[in-house]
Amino acid sequence: MNSFDLCVIGGGPGGYNAALRAARSGLRTALIEEDRLGGVCLNVGCIPTKTLLASVGLLRQIRRATAFGIRMTGTAEPDWPAMLERKNAVITGLRNGVAGLLENAGVTVFAGHAAFLDAHSLRIDDRETVTARYFLIATGSRPARPAFLPEHPAIVSSDQLLSCATLPESLLILGGGVVGCEFAALFAALGVRVTLVEMLPALLAGFDPECVRVVAMRMRMDGVRLLTGTSLSDVRADDNGVTARAGDETLSGTLLLNAAGRRPNTEGLNLEAAGLATGPRGAIPADADGRTAVPHIFAAGDVTGTIMLAHWATAAAVRAAAIIAGETPSPLPETVPGCVFTTPEIATAGWSPAECAARNLNVVSGKFPFSALGKALAAGETDGFVKITAERGSDRLLGISIVGSHASDLISEAAAALAAGMTAGELARTVHPHPTLGEALQEAALAVHGQCLQLPVRRKRPR
């Protein structure tokens, strides 16, 4: 009864979507999840953080009501327990939805920890054995814990911080990547004193520095203290909180959030029994099709140690499931959009000007600020801009960066344009509805060739 065509290990976005794809292609499919369906993204990552950020976004808007001509008769204050209750309700509803989809598709779901016995079978919690012709490992990742951090309840991961019963009075954050910056924006808006320490010279390594500067400026305006180019050391924790050294200064906080990155979840899978070895940081090497060193075992998502994004995990895992089903799917795109849900948001697709320079590409860029856009002015969201980079000569779109309100929604058009191989001229000629934030993409494309009508022309003064 426990023999399948495909066994998927891991019930996150990559795993459950791959299982659905395989089952709908006629494969007898099993899925094994040791914790909760939906994985990190649904339970302690993307969905809960964005649910809380939605509450904070509404709080920000209410506090700005007078600027929109709305008279306030009282003050708006956050209710953290109620926010957590709403967050949990959203998660539960989505998790139940995933379970329903898997059941309707005929996927057999096992709860428990899987470990390989050999290349074609595995054991679940020492209670039952599953065999399969193919396996897909999609076990995701977990927070990486630097060795210098002591074990103490006051030193928490992002998973743990999302379930704190009460708001901390102050919060130290180790790491200025996506997780660190999103949590800094969230808790600062709730009145928590936040200090963020990043050892690199700037926040959000890999994102367009010009976009990052806009976000860093807003974070400082919201009261976040940013210490970049600084290492944290001598971390101590007790019942009174956490202290640490940052350069010559001693910092203190109620809690310390470890946001120093993530590492693949491969421990305890007994991969050696299946003939697999892990690479750096415990990742499973896999080719562009998701195939590992053992041809009938595939891997996708964070566990491969490549692009740690939920939407990339889904795309890669679903493609692997199609290959296992005997189909020939299209290759995955060369570039993947990424988003940072700070205030304002950052979203990118393709290559930044710096990445283009590293590839020796001759480029030209165009930029359009939201402060010159009618819809942004009407909505009171004028921070940021859209920047488009194209190859000089061919006019081929190479990269699009957005910093501003709803950047994460706007980037989908940019990703589609890049995937279609459009030129800046073709994007500029695409009629965009007015008034919308999407017009900024068209205007930035026009600006690539100096044809933007919405910005004043800088005329040279006669000598």
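A crossing of two helices is left-handed if the near helix is turned anticlockwise from the far one by less than a right angle. The views below are taken from a predicted model.

**View 1. Helix α1 packs against helix α4 in a left-handed crossing.** Helix α1 covers residues 13–24 and helix α4 covers residues 80–105. Their axes come within 9 Å and cross at roughly 20°. Angles under 35 degrees count as roughly parallel, and α1 and α4 are therefore roughly parallel to each other. On the α1 side the contact involves Tyr-16, Ala-19, Leu-20, Ala-23 and Arg-24, and on the α4 side Val-98, Leu-101, Leu-102 and Ala-105. Eight residues of this contact are nonpolar, one is charged and none is polar.

**View 2. Helix α3 meets helix α4 in a right-handed crossing.** The axes of α3 (residues 46–63) and α4 come within 9 Å and cross at roughly 135°, which makes α3 oblique to α4. From α3, the residues in contact are Ile-47, Pro-48, Thr-51, Leu-52 and Ser-55. From α4, they are Trp-80, Met-83, Leu-84, Arg-86, Lys-87, Val-90, Ile-91 and Leu-94. By class, the contact of α3 with α4 has nine nonpolar, two polar and two charged residues.

**View 3. The second largest pocket has a volume of about 350 Å³.** Its lining consists of 18 residues. Pro-333, Glu-334, Thr-335, Leu-418 and Ala-419 are the lining residues that lie nearest the centre of this pocket. The lining of the second largest pocket divides into 12 nonpolar, four polar and two charged residues.

**View 4. The largest cavity holds about 30 Å³ of space.** The count of cavities of 30 Å³ or more comes to one. Lining the largest cavity are Arg-60, Ala-184, Ala-185, Ala-188, Met-219, Asp-222, Val-224 and Thr-343. Helix α6 (residues 178–189) gives the largest share of this lining, with three residues. Five residues of the cavity lining are nonpolar, one is polar and two are charged.

Methods. Residues numbered from 1 in each chain as written. Predicted model: local features only at pLDDT ≥ 70, side-chain atom pairs only at ≥ 80, totals over all residues. Heavy atoms only, no water. Axes fitted to C-alpha atoms, helices over the stretch in contact; angles between N-to-C directions. Helix = DSSP H or I, 4+ residues; strand = E, 2+ residues; numbered from the N terminus. Parallel < 35°, antiparallel > 145°, perpendicular 65-115°, else oblique. Contact = heavy atoms within 4.5 Å. Nonpolar A, V, L, I, M, F, W, Y, C, P; charged D, E, K, R; others polar. 1 Å grid on protein atoms, 1.4 Å probe; cavity = no way out; pocket = protein on both sides within 12 Å on 5 of 7 lines; lining within 4 Å. Points joined across faces, edges and corners; volume = space filled by probe spheres on them.
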